[in-house]
Structures are given as structure tokens and as C-alpha cells.
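Please look over the sequence and the model together before reading on. The report below is meant to be read beside them.

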Amino acid sequence: MKDPIVQAGDPVLRGKAKPVDKKDIGSRAVAKIIADMKKALHAEEFGVAIAAPQIGKPLRIFVISGNVFIEDAAEGGEKKPTPADRVFINPEITRLSRGKTERSEGCLSVRGKYGTVIRHDKASIKALDENGKKITYHGAGLVGHIFQHECDHLEGILYTDKAVQLEEDGDMQSARTKLQQKRAV
């Protein structure tokens with residue numbers, strides 16, 4: 001079966017994604033794209049987010065897996081259900097912190113590699129959700145890092161363009177360990 005996730009070298013990953021017309025949000029076509037993104041993301045053991053260009057659709061949409069928000073949901077010691085995936089349409093980063101952090105980063109469209117990328121500690125974003133409602137979100141740590149990574153995808157930028165160190169990852173156990181460390185942040 002063909003991998004639904006477009007890989008580095010495909011021109012769609014290097015183009016600037018087009019905004020989604022507000023009247024199209026909620027349409028069958030956009031809903032299908034979002035469903036296809038979620039399906040591709042959930043098929044990945046280590047996936048935390050995906051942008052529409054990664055499934056070949058040059059639109060300004062990205063999805064963050066609800067798994068990323070489990071720690072937030074678990075505060076207070078109660079076991080809570082996994083939060084829903086979050087959809088961001090026509091996202092725009094509105095604010096970045098001055099402080100920056102070096103983190104290990106990978107990408108579903110650049111398999112077999114990971115790298116060290118320096119990004120802002122915090123990022124604020126405004127967007128529309130999958131129902132066309134305006135949302136604002138302030139992300140720190142992993143979430144802020146994801147906002148920047150996914151918005152880069154929408155501009156045709158891959159993390160490999162920003163990596164200060166890039167390594168081959170032939171050892172899947174090493175990848176699992178690195179992901180667990182990232183999620184622990």
C-alpha cells in the first residue's frame with residue numbers, strides 16, 4: 001500500500017500552501033481532507049501533528065494529535081479520556097517568546113532522520129477550527145514547538161532547513177527513546 005504521507009523531494013512540500021476560503025470550511029471536500037490527515041496521523045506510532053501539504057494538499061491546515069494534550073488533561077491526578085485532535089485552518093503565529101530552546105525534531109515527511117532545531121519556547125497562534133470558529137491558542141514547550149514546525153510546512157519549509165545538527169536514524173529504539181524524551185518535555 002502506498003504511503004499517504006508525501007516525502008521530502010515532492011514539490012508540494014516546498015510550495016506555499018493556499019488559504020482555505022471561509023465558505024469552504026465545513027464542506028465535504030475540506031472535511032475529507034481533515035479526515036484523511038487524521039487517519040494518516042493516527043497510523044503513525046510517533047506522529048504528533050501533520051500539515052495538509054504532507055498528504056499532498058497545498059492548503060493552510062494542520063492537525064495536532066489529541067495525544068499531545070494528554071498531560072494537560074491528566075492534571076489533578078484523574079484519568080481522563082484522550083482529548084480530541086485539534087484542527088487549525090489558516091493559522092497565523094501572532095507572537096513568539098524571546099527565549100529559544102534546542103530540541104530534537106523529526107518529521108513524518110522526512111523518514112529516517114532527526115535533527116536538533118532551535119525554536120522559540122512559546123508561540124501564540126490564531127486560526128479557524130474545523131467549524132470555522134475563530135480560535136487563539138498559546139503553546140509552550142512541545143505545543144509551541146509543533147506550532148512553529150507545522151506553520152513552516154505551510155510556507156514550504158522543512159525542519160531540515162533549520163536543523164543545526166541532522167542525523168540518520170537507523171535505530172528505531174533510539175527513535176522511540178528520543179520521542180519519549182520529547183513528550184516528557
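The model is predicted, so local features are reported only at pLDDT of at least 70 and side-chain atom pairs only at pLDDT 80 or more, whereas totals for chains, interfaces and linings use all residues. Residues are numbered from 1 along each chain as its sequence is written, and side-chain values use heavy atoms, with hydrogens and water left out.

**Aromatic pairs**

Rings of Phe, Tyr and Trp (its six-membered ring) count as a pair if their centres lie within 6.5 Å, with planes under 30 degrees apart called stacked, over 60 edge-to-face and the rest tilted.

| Pair | Centre to centre | Angle between planes | Class |
|---|---|---|---|
| Phe62 and Phe88 | 4.9 Å | 20 degrees | stacked |
| Phe88 and Phe147 | 5.4 Å | 70 degrees | edge-to-face |

Helices (H or I, at least four residues) and strands (E, at least two) are DSSP runs numbered from the N terminus. The pair of Phe88 and Phe147 joins strand β3 to helix α3 across 59 residues of chain. Ring pairs also draw Phe62, Phe69, Phe88, Tyr137 and Phe147 into a cluster. Buried means under 20% relative accessible area, exposed over 50%, and partly exposed in between, with a 1.4 Å probe and protein chains only. Phe88 counts as buried because its relative accessibility is 2%, and Phe147 counts as buried because its value is 0%.

Helix α3, residues 141-154, has 14 residues, and 14 of its 14 residues are buried. Gly156, which follows α3, has a positive phi near 85 degrees.

Two strands pair if DSSP finds at least two bridges between them. Strands β6 (residues 122-128) and β7 (residues 134-140) pair in the antiparallel sense over seven bridges, and Lys126 has Thr136 as its bridge partner in β7. The two strands, β6 and β7, form a hairpin with five residues between them, and Gly132 in the turn has a positive phi of about 90 degrees.

**A residue before α1**

Asp21 lies in the segment before α1 (28-42), and Asp21 counts as partly exposed because its relative accessible area is 39%. The C-alpha atoms of Asp21 and Asn90 are separated by 9.0 Å, although the two residues are 69 residues apart along the chain.

Note on methods. Expected span 1.5 Å × (residues − 1).
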